[in-house]
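Colleague: I'd like to go through this model with you. Can we start with how you decide what covers what?

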Amino acid sequence: MTDRDGASFERPTRREIVKGSGALALGGLLAGCSGDSNQGSSEIGTGDSTTDTGAGRTETGPATSDGSYSVTMEPVGTVEFETVPETIAPFTADYIDMLVALGHGDAVQSIWYRGRYKTLHYAELDGVSIDLDGLTQLWNDGVSKEPFYEMDADLHLIDPNALIDWLGAWNQSDLTEIRENVAPFLGNLIFRQTDEWHDYQYYSLYEAFEKVAEMVQERARFEAIRSIHDELVETVQTRLPAPEQRPNAALMFAGEEPEAFTPYRISGNGANKEHFQTLGISDTFSDTGIEGYSGSESLDYETLLEIDPDSLLLRYHREGKTREEFENSVLAYMKDHEVGSRLRAVQNDRVFRGGPIYTGPLHNLFMIERYAKRYFPEEFTEAHLFDREHLATIINDGRDE
């Protein structure tokens, strides 16, 4: 690299062991290589590093005199950063959505499977987008180490245990090789909480989001988006009908022309169910003996008719559908089905898209609004329940106004 005066210098290594802490140090570009920081009281700056309080939120503390900072997240522990990573390799779309929300969508290098990243909501946020085709897909009948070398990312925003225990793709020596030769791992699988191998701390959506904000030094942007979220939750929950007047739902995986359904328990924990729980939607499979996705078998129409849920929430492993596309395909098929047409939810037009499997903070805002309006249309008659322009300004310009 060269500095502004043309003098050459070497980029510091990104990989070294921090003595005494067992943490991995992640070096970035020297300070003179980065652009100028944002100025002005109305703009959101990257600010200070943060430390975990153990109460689900973090306290802000000053960065070290050389600008380095550290982030602690289970299961990896502490990773030290010399500067904000410029290239980041996530695995699941929930973490990509976090980086987009924090104004670092351009840093994203990868996704494990493109079809499971739902991006329709970005179209409602002026100037917010991501080049999905430009991301390296890590899953191709397995997870090879070669793309990690090719990307040469500054950070792998991945729960390393997921590669071993969830996908069975790697072993410990593979992780060590990539960590030592490319860059550290830091991340926690948050979309569900049903895996026996995940015997360490889980993070809620906003706890994980806060950790990512620490990684990219976007405390103020995070706080601004959390404020929108908290206001939306308060607005919705103060207007919900009494619990006994709220419908139950069967959350399931289904195909385009569904003949079998794989249940996914709303009553379970995990980031992709938080929006349903915000709305007080109850789990139709409670007390039925039917387990969630990790340990269940598929259900046929006859079994589903015996339970006869108030509503159906259907997920599928394909690109996102608009409501109209969903009605013209999945719902139309069910209405013509000999048994499916007898379901109360089908007859009452309470069959909805189930939302993304990997739900980030921007997904979450749109999901809370979508289901509030779908389930309680007489109460939530507004076109929008949160300000799109305000949110887009925070993401694009770093201004909370």
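Modeller: Contact here means heavy atoms within 4.5 Å. Keep in mind that this is a predicted model.

Colleague: Fine. What covers the buried residues of α4?

Modeller: The cover includes α2 (146–151), β10 (155–157) and α3 (160–166).

Colleague: And which residues of α4 are the buried ones?

Modeller: In helix α4, residues 172–181, they are Asp174, Leu175 and Ile178. They lie on the same side of α4, because the arc they cover around the axis is only 100 degrees.

Colleague: Switching to strands. Which residues of β5 are on the covered face, and which on the uncovered one?

Modeller: Tyr69, Val71 and Met73 make up the covered face of β5 (residues 69–73). Ser70 and Thr72 are on the uncovered face.

Colleague: How many bridges join β5 to β6, and do the two run parallel or antiparallel?

Modeller: Five bridges, and β5 runs antiparallel to β6 (residues 77–81). The two strands form a hairpin, with three residues between them.

Colleague: What stands opposite Val71 in β6?

Modeller: Val79. For Tyr69, also on the covered face of β5, the bridge partner in β6 is Phe81.

Colleague: Now salt bridges. How many are there?

Modeller: The count is 19, with a side-chain nitrogen of Lys or Arg within 4 Å of a carboxyl oxygen of Asp or Glu as the rule. One of them pairs Arg239 with Glu379, with the closest N and O atoms 2.7 Å apart.

Colleague: Where do Arg239 and Glu379 sit in the chain?

Modeller: Arg239 is in the loop between α6 (219–237) and β11 (248–253), and Glu379 is in the loop between α11 (361–375) and α12 (388–397). The pair links distant parts of the chain, 140 residues apart.

Colleague: How accessible are they, taking Arg239 and then Glu379?

Modeller: Arg239 is partly exposed at a relative accessible area of 23%. Glu379 is also partly exposed, at 34%.

Colleague: What about Lys335 and Asp349?

Modeller: Their side chains meet in a salt bridge, 2.8 Å from N to O. Lys335 lies in helix α9 (residues 323–336) and Asp349 in the loop between α10 (344–347) and β15 (351–353), so this pair ties together parts 14 residues apart in sequence. Lys335 has a relative accessible area of 40%, and Asp349 has 39%.

Colleague: Which residues are linked in a network of salt bridges?

Modeller: Glu210, Arg219, Glu223 and Arg226.

Terms used:
Residues are numbered from 1 along each chain as its sequence is written. This is a predicted model: local features need pLDDT of at least 70, side-chain atom pairs count only at pLDDT 80 or more; totals for chains, interfaces and linings use all residues. Side-chain values use heavy atoms; hydrogens and water are left out. Buried means under 20% relative accessible area, exposed over 50%, partly exposed in between (1.4 Å probe, protein chains only). Helices (H or I, at least four residues) and strands (E, at least two) are DSSP runs, numbered from the N terminus. The arc is that of the directions from the helix axis to the C-beta atoms. Two strands pair if DSSP finds at least two bridges between them.
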